[in-house]
Amino acid sequence: MFQFGGINILNEDIREKITTENIFKIFNSFIIPLLSHEERDFMLLLQKYCIDIIEPKIDMTRDVYNIFPFLGEAGYMQRLYPYEDFKPFGMRYEMILAMVLSIVDPELDLARVVSGVLAMNPLYSHGKSDREKRALGDLMAGRKIGCICITERERGSDAVNMQTRVRTCDDETGDVLYNGEKVFTTNGPVADYFIAYGVEDEKAPRESMYQALIERGFKGLETHRLGILSAPRVHIGQTLFKNVRVPKDNILGGRGQGYTNLFRGLVAERNTIIGSSLGISWLSAITGLVYTNLRKQFNKRLLEFQAVSFPIAEMLVDLMAATDLGFSAANEYQKIARYPENVEMIKYNASFSAGTKYLASNLAHRISYEMQQLCGGAGYTDNLRIDKALEISKIQEIIGGSRNIQLLLVTQAMKSILRLIE
Ligand SMILES: Cc1cc2nc3c(=O)[nH]c(=O)nc-3n(C[C@H](O)[C@H](O)[C@H](O)COP(=O)(O)OP(=O)(O)OC[C@H]3O[C@@H](n4cnc5c(N)ncnc54)[C@H](O)[C@@H]3O)c2cc1C
């Protein structure tokens with residue numbers, strides 16, 4: 001079991017039933033019918049690894065990062081892409097990984113997704129130089145930490161119109177200089193590798209955006225921690241580029257290409273967040289189901305009150321539908337991976353993943369919030385993982401773009417559908 005910060009007030013019967021192993025047993029009864037044999041075997045092996053290796057190392061009072069190397073050792077920093085002998089891989093496997101790890105520790109999975117998918121995806125897709133390949137290996141092994149720097153103090157939802165400036169050096173090297181400030185960089189204050197975006201011409205951001213790998217130790221790179229109360233074990237910060245010289249070998253996307261790379265990468269990012277949100281939802285839903293089935297008030301189990309059992313039944317119906325939809329988004333992602341030149345498919349995928357991310361992250365929050373109410377006081381303590389799930393669900397809803405921005409992407413698809421009958 002976990003190391004907790006506070007004392008345990010659950011009675012013995014409940015405590016021995018609220019285990020990750022039992023949560024997995026119930027989760028599996030819902031999920032396995034949606035999986036292939038290969039996916040099921042992958043998930044069961046991963047769950048065993050989590051119970052035997054990962055969970056004993058989790059300490060709710062300490063940062064999550066010391067667990068990265070143990071994830072890396074078994075190829076669990078990401079499962080979207082092939083790497084060394086770690087098989088199988090693909091978006092459905094990445095989604096299973098995000099779900100299972102979020103059940104074990106939603107905060108750990110938040111940091112893992114940023115390092116393992118958000119930072120690693122650009123390196124995998126566009127990295128060619130030795131430095132970029134070395135960074136990929138370091139992140140995959142979990143021995144180094146990665147982050148992604150898009151959002152700025154004055155440019156959040158409007159991610160295209162960045163103020164961070166990129167200037168080519170006045171020599172023949174092909175190196176560039178970064179100047180600017182990024183905020184809300186998850187993992188930033190402890191990161192070794194920064195996937196950073198900036199523009200050469202603020203008036204033409206699409207045509208002049210760069211994407212580069214900046215490394216800890218580069219002169220002029222500074223990081224500071226923000227006070228984000230919902231995720232105390234993950235460092236989220238401000239990243240400053242003060243005339244940082246970035247070698248040519250670290251440029252993943254040159255002038256203009258940075259923009260295409262950024263927006264293509266966001267689909268993978270959203271899909272993974274869908275997996276994490278679903279995992280958080282399952283964690284809260286199953287924890288509450290088990291707890292309310294054992295907790296007695298007025299001489300009855302809570303679950304015998306319809307005011308408790310009906311909302312839980314409703315949650316499970318919604319969650320099963322959202323999970324099915326999440327796997328469909330993963331299937332669509334695999335299709336664009338096969339047909340990267342099909343623009344229509346890419347557009348469809350962008351709105352599908354945005355709509356599903358909107359739905360799944362909002363559901364994670366709703367289920368965690370409602371379940372906390374249904375479980376009463378114990379749901380507010382660290383004896384159950386519902387409050388942790390609730391806090392991280394709030395982050396899932398904004399990271400990768402707030403819910404309005406996901407809806408904005410859906411409205412763009414709506415407009416193009418209406419053009420069919422103009
Ligand atoms: C905990 C946390 C972790 C994060 N991690 C990272 C990270 O690792 N890397 C990174 O680059 N960024 C990260 N972000 C940034 C996150 O993606 C942004 O916060 C988000 O995109 C919103 O930007 P903003 O905060 O500036 O809000 P604003 O853009 O100022 O938006 C404020 C509100 O206005 C709404 N709004 C804005 N424009 C529109 C519109 N056109 N239509 C309708 N509504 C609109 C928004 O939906 C929101 O509700 C993180 C944020 C948080 C809070």
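## Basis of the model

Residues are numbered from 1 along each chain as its sequence is written. Because the model is predicted, local features need pLDDT of at least 70 and side-chain atom pairs count only at pLDDT 80 or more, while totals for chains, interfaces and linings use all residues.

## Ala-329

Helix α11 (residues 306-338) contains Ala-329; helices are DSSP runs (H or I, at least four residues) and strands likewise (E, at least two), numbered from the N terminus. Ala-329 has 25 other C-beta atoms within 10 Å and is therefore buried (20 or more such atoms, placed from the backbone; exposed means 12 or fewer, partly exposed in between).

Leaving aside residues up to four places away in sequence, Ala-329 touches Asn-271, Ile-274, Phe-352, Ser-353 and Thr-356 (contact: C-beta atoms, placed from the backbone, within 7 Å). Ala-354 is 25 residues from Ala-329 in sequence, and their C-alpha atoms are 9.6 Å apart.

## Surroundings of the ligand

The ligand is surrounded by 21 residues, of which Ile-150, Gly-156, Ser-157, Phe-184 and Asn-404 are the closest (a residue counts as near if its C-beta atom, placed from the backbone, lies within 6 Å). At least two shell residues come from each of β1 (146-149), β3 (176-186), α13 (386-398) and α14 (403-418).

## Helices α6 and α10

The axes of α6 (residues 106-118) and α10 (residues 257-294) lie 11 Å apart, at an angle of about 165° (axes are lines fitted to C-alpha atoms over the stretch in contact, and angles run from 0 to 180 degrees between N-to-C directions). The two helices are therefore roughly antiparallel (angles over 145 degrees; under 35 is roughly parallel, 65 to 115 roughly perpendicular and the rest oblique).

Key:
Two residues are in contact if their C-beta atoms, placed from the backbone, lie within 7 Å.
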